Amino acid sequence: MSGHSKFANIKHKKEKNDAAKGKIFTIIGREIAVAVKEGGPDPANNFKLATVIAKAKANNMPNDTIERGIKKAAGDVGNVNYKYVTYEGYGPNGIAIIVDALTDNTNRTAANVRSAFTKGQGNVGTPGCVSFMFDKKGQIIVDKEECDMEADDLMMTALDAGAEDFSEEDDSFEILTDPDNFEEVRKALEDAGIPMISAEVTMIPQNYVALTDETAVKNLQRTLELLEDDDDVQAVYHNWDE
């Protein structure tokens, strides 16, 4: 759920997703509720909802759970009072961190985020202080072991659908899109039967920063763990070269 752009270890990513699945489903449930409130229950006419459904499917949320969430949200629109909030700041050695939250209590969330930064010897900054170091992109990750299509064919399928970039790692393929083209590319891959381990609009660092000091690494890990354990936090992006 961290939105990292490096997927050098798919196995680790899967294990982490499995461990955090309960929280991921809660996060997606909130996103469904907000999307339905803002644009209605039909994903064909609600781009935001279609994007959340894609994220849900990539995280193996059952279809009936997705449909129940949409129906519940459609019948409960007046009681949906979640608000999107973004925080930016610095971890140890100037590591850039962006935190996306969806909350019904901004005071609580702000205090928890500030505490997480402080406990890791970092600090929350002003809006825009680090976001210029990231690019907003649609990102789709495909596990090589689960993909029967040849790399060249997968690349052409993605590029023909409007993808901007295609790269091959040791155990995965990464497809990047403009955020506006993300859903079209994702749908083309889904129609082609491509299994996606991750499909979301995310923030990708322009450059990565390595940490060599053990104390700095521990402090950063503490901040990231505290943030990712917070129920209000939807995603955490950073430029640490893990």
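**Figure 1. Antiparallel pairing of strands β1 and β2.** Strand β1 (residues 83-90) is joined to β2 by eight bridges in the antiparallel sense. The views in this and the following figures are taken from a predicted model.

**Figure 2. Strand β2 and its pairing with β8.** Strand β2 spans residues 96-103, and seven of its eight residues are buried. Besides its eight bridges to β1, β2 pairs with β8 in the antiparallel sense over five bridges. In this pairing, V99 stands opposite V236 of β8. Strand β8 comprises residues 233-238 and contains Q234. The relative accessible area of Q234 is 3%, and the residue is therefore classed as buried. The side chain of Q234 makes a polar contact of 2.8 Å with the side chain of E31.

**Figure 3. The open four-stranded sheet.** The strands follow the order β5-β6-β4-β7, with antiparallel pairing. Strands β5 (165-168) and β7 (198-205) form the edges, each pairing on one side only. On average, neighbouring strands of this sheet are turned by 30° against each other, direction ignored. Strand β4, residues 134-143, is paired with β7 over eight antiparallel bridges. D135 stands opposite I204 of β7. Helix α6 (residues 151-161) lies across β4, β5 and β6 (172-177), and runs at about 160° to β5.

**Figure 4. Surroundings of A199.** A199 belongs to strand β7. With a relative accessible area of 3%, A199 is buried. The C-alpha atom of A199 is separated by 4.4 Å from that of I140, although the two residues are 59 residues apart along the chain. Which residues are in contact with A199, leaving aside its neighbours within four places in sequence? They are A54, K55, A58, Q139, I140, F182 and R186. Of these contacts, F182 and R186 are themselves buried residues of helix α7.

**Figure 5. The buried face of helix α7.** Helix α7 extends over residues 182-191, in which F182, E183, V185, R186 and L189 are buried. Viewed down the helix axis, the buried residues of α7 fall within an arc of 165°, so they line one face of the helix. The face turned away from this buried side carries the exposed residues E184 and D191. Elements covering the buried residues of α7 include α3 (47-58), β4, α6, β6 and β7. Just after α7, G193 takes a positive phi of about 75°.

**Figure 6. Cysteines C129 and C147.** C129 has a relative accessible area of 14% and is buried. C147 is likewise buried, with a relative accessible area of 10%. A disulfide is a covalent bond between the sulfur atoms of two cysteines. The structure holds zero disulfides.

Conventions:
Residues are numbered from 1 along each chain as its sequence is written. This is a predicted model: local features need pLDDT of at least 70, side-chain atom pairs count only at pLDDT 80 or more; totals for chains, interfaces and linings use all residues. Side-chain values use heavy atoms; hydrogens and water are left out. Two strands pair if DSSP finds at least two bridges between them. Helices (H or I, at least four residues) and strands (E, at least two) are DSSP runs, numbered from the N terminus. Axes are lines fitted to C-alpha atoms, for helices over the stretch in contact, and angles run from 0 to 180 degrees between N-to-C directions. Contact means heavy atoms within 4.5 Å. A disulfide is a pair of cysteine sulfur atoms within 2.5 Å. Buried means under 20% relative accessible area, exposed over 50%, partly exposed in between (1.4 Å probe, protein chains only). A polar contact is a pair of N or O atoms within 3.5 Å; within protein, one must be able to donate a hydrogen and the other to accept it, and residues adjacent in sequence count only if both atoms are side-chain atoms. The arc is that of the directions from the helix axis to the C-beta atoms.
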